[in-house]
Amino acid sequence: MTATRDELLANLTDVRRGIVMACDRAGRDAGDVCLVAASKTVSLDAIRWARAAGVADFGENYVKELRAKHGAAPDVRWHFIGTLQTNTAHHVAALADVVETVAGGRAAERLARRAAEAGRSIDALIEVDLTGERAGVPPEETAAMADHVAALEGLRLVGLMTIPPVVERPEGARPFYVRLRALRDRIRERHPQVLELSMGMSLDYQVAVEEGATMVRVGTALFGPRAPLT
């Protein structure tokens, strides 16, 4: 993380303005879009600065970092946005409030079981792979996965998430966001509580908002370039 406190606050103002502008273009209410600050490798100070400026949702990719940062700031809703693995799902169950990367059945089952044993109910999003190259559930298997996750005690199925392929321009991601929204709408016919669409990152979050994103995962545009993991 290279942004100073003042730079972070200026970046946050820009990101919020970008969300408002995208919502205006789409005829949406900006209050319906949750900014998830993707805080991988970001310092505790930066998390506290962002929280003091009103950011309430933070996303972590690695269990070790999530554990270290949990409790760093008051009233934070922690999103797990890394690959959910069976051997660490029990840690995620204890730390995360939202898991955006539910994909494998065994990992989801362990996550749900540990959450239920702890008396917790975790918001869950199914990660959908629309590229054929990334982690996630293929679109044709998403309906069956939704049925499976919705039946698990300890999880609340609330939406879908995707990561598009690397594109040179934000517009290149739009077709993938259109597809995820259409898939979400089909899933809602059976699971009406599935409302969330987590899509869009620093490069293309405005396009994602135009296409219906309810959560955008923004890291670099907020915190500056990533520091290397040590």
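Reply: A residue is called buried when its relative accessible area is under 20%. The model discussed here is a predicted one. By that cut-off Cys23 is buried, since its relative accessible area is 1%, and Cys34 is buried as well, with a value of 17%.

A disulfide is a covalent bond between the sulfur atoms of two cysteines. To be counted as one, a pair of cysteine sulfur atoms must lie within 2.5 Å. The cysteine sulfur closest to that of Cys23 belongs to Cys34, and it is 12 Å away, too far for a bond. Seen from Cys34, the closest cysteine sulfur is that of Cys23, again at 12 Å and too far for a bond. A search of the whole structure accordingly returns zero disulfides.

Helix 2, residues 44-52, also has buried residues: Ala46, Ile47, Ala50 and Arg51. Viewed down the helix axis, these fall within an arc of 135 degrees, so they line one face of helix 2. An α-helix has 3.6 residues a turn, so residues three or four places apart point the same way. The cover over the buried residues of helix 2 includes helix 1 (5-26) and helix 3 (63-69), together with strand 2 (57-60), strand 3 (77-80) and helix 9 (220-223). After helix 2 comes Gly54, which has a positive phi, near 105 degrees.

Notes: Residues numbered from 1 in each chain as written. Predicted model: local features only at pLDDT ≥ 70, side-chain atom pairs only at ≥ 80, totals over all residues. Heavy atoms only, no water. Buried < 20%, exposed > 50% of the residue type's maximum accessible area, 1.4 Å probe, protein only. Helix = DSSP H or I, 4+ residues; strand = E, 2+ residues; numbered from the N terminus. Arc of directions from axis to C-beta. Contact = heavy atoms within 4.5 Å.
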